[in-house]
Amino acid sequence: MTEQHLPSYERDFSQVQQLRDIAARFERAARHCFNSKVQRLRDIVERFGWVRLYSIRRRRTAWIERFTKIQRDKREWINCAEIAEWCSEESGVMPNEVAREAAYKKILVDLFEEFFEENGRSQLMLLHPYTAKTRMTREWLTHLVQVYDDQTIINQLLAHCWMPRRFLERWLANHRMQPRPERFEPKCPTPPTTTPQSLSQARKAEPVIAEAVGHGASDADRERRFGPKPGTLRRYEAADRALYPELERIMAEKQKSVSAAAFELAEAGQVKSFGTAQSRAKRLTALYKRDRGGTGQARGEEVQITPARELT
């Protein structure tokens, strides 16, 4: 009886082994998928890192180009490569490479001797798109000498260094060279700075001349002005003179002055013009006073008024 059940047990154990193999395959596949995803994620992160580094270098390169263009005119900072080039051209017409190398070597020696330091800080500025350092210090140069040769340091780092113009003058005097040549002079000289005290003294020294106050246009411009002269064109004189009887009636009946009566007519719309009621009344009042000799009636005084038509 036991012998009959043995084959069934063997068959069951074989199925378990198959399930174990399948599970192991799934585990290897999952591990491989996870590793591939991790590797892909690492590649993406590295790629983004390179993109960020490229953008930083591009912005830094653009800033260095703008700085170089500005210093070609201002000459507040002088490039070491330009100094070496001037030293190579000083001895003759053709550039002398020996003089160029000697100029770079002098700058390196002075950098080791802390010649370019001021208040404990190096004044030799480094502008290179592939490094974030902005100062060429003695400690960093000591470390670079142990790793790279002099030619690499000169071409890759020292040629991108800038020194202030005052340090150039000191450097030329230290090595007994001629004073600062015209090549390093600013093309656009900065105006002299004026203090408030000197400005006040200059104002006191200058004589004060009162300028004539007048219109901006000259007499010739006024003569060439198109159109009639102001005040010569009187479009509404006939219409205003026709209002004299009504104006005198209001003055006699209501005991008003010329201006008050004219303003009443202007508010009633009888005075022709496109201006305000006050301006029309003023025009009518001025014309009436000019024609009638300036007589009018003010409040509180009696004036003999000759009516336009006599009452029978």
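In the predicted model, Gln123 sits in the loop that runs between β3 (121-122) and β4 (125-126). The residue is buried, at 13% relative accessibility. Leaving aside residues up to four places away in sequence, Gln123 touches Trp77, Phe116, Glu118, Arg135, Trp162, Met163, Pro164, Arg166 and Phe167.

Glu118 and Arg166, both contacts of Gln123, also pair with each other. Their side chains form a salt bridge with an N to O distance of 2.8 Å. Arg166 belongs to helix α6 (residues 165-174) and Glu118 to strand β2 (residues 117-118), so the bridge ties together parts that lie 48 residues apart in sequence. Both partners are partly exposed: Arg166 has a relative accessible area of 39%, and Glu118 has one of 25%.

Phe116 and Phe167 are likewise among the contacts of Gln123. Phe116 is buried at 2% relative accessible area. Phe167 is buried as well, at 0%.

The model contains 15 salt bridges. One of them joins Glu237 and Arg290, whose closest N and O atoms are 3.6 Å apart. This pair links distant parts of the chain, with Glu237 in helix α9 (residues 237-241) and Arg290 in helix α12 (residues 277-291), 53 residues apart. Glu237 is buried at 17% relative accessibility. Arg290 is partly exposed at 48%.

A further salt bridge connects Glu253 and Arg249, at 2.9 Å from N to O. Both residues lie in helix α10 (residues 244-253), four residues apart, so about one helical turn separates them. Glu253 is exposed, with 55% relative accessibility. Arg249 is partly exposed, with 36%. Elsewhere, salt bridges with shared partners connect Arg75, Glu82, Glu85, Glu89 and Arg183 in one network.

Helix α10 also packs against α12. The two axes come within 12 Å and cross at roughly 95°. Angles from 65 to 115 degrees count as roughly perpendicular, and α10 and α12 are therefore roughly perpendicular to each other. On the α10 side, the contact involves Tyr244, Leu247, Glu248 and Met251. On the α12 side, Leu284, Leu287, Tyr288 and Asp291 take part. By class, this contact has six nonpolar residues, two charged residues and no polar ones.

Six aromatic pairs are found in the whole structure. In one of them, the rings of Trp63 and Phe67 have centres 5.5 Å apart and planes at 15°, so the pair is stacked. Trp63 and Phe67 are four residues apart in helix α1 (residues 2-74), so they are separated by about one helical turn. Trp63 is partly exposed at 39% relative accessibility, whereas Phe67 is buried at 14%.

Phe116 and Phe167 make a tilted aromatic pair, with 6.4 Å from centre to centre and 35° between the planes. Phe116 lies in the loop between α3 (97-112) and β2, and Phe167 in helix α6, so this pair ties together parts 51 residues apart in sequence.

How values were computed
Residues are numbered from 1 along each chain as its sequence is written. This is a predicted model: local features need pLDDT of at least 70, side-chain atom pairs count only at pLDDT 80 or more; totals for chains, interfaces and linings use all residues. Side-chain values use heavy atoms; hydrogens and water are left out. A salt bridge is a side-chain nitrogen of Lys or Arg within 4 Å of a carboxyl oxygen of Asp or Glu. Helices (H or I, at least four residues) and strands (E, at least two) are DSSP runs, numbered from the N terminus. Buried means under 20% relative accessible area, exposed over 50%, partly exposed in between (1.4 Å probe, protein chains only). Contact means heavy atoms within 4.5 Å. Axes are lines fitted to C-alpha atoms, for helices over the stretch in contact, and angles run from 0 to 180 degrees between N-to-C directions. Angles under 35 degrees count as roughly parallel, over 145 as roughly antiparallel, 65 to 115 as roughly perpendicular and the rest as oblique. Ala, Val, Leu, Ile, Met, Phe, Trp, Tyr, Cys and Pro count as nonpolar, Asp, Glu, Lys and Arg as charged, and the others, Gly among them, as polar. Rings of Phe, Tyr and Trp (its six-membered ring) pair if their centres lie within 6.5 Å; planes under 30 degrees apart count as stacked, over 60 as edge-to-face and the rest as tilted.
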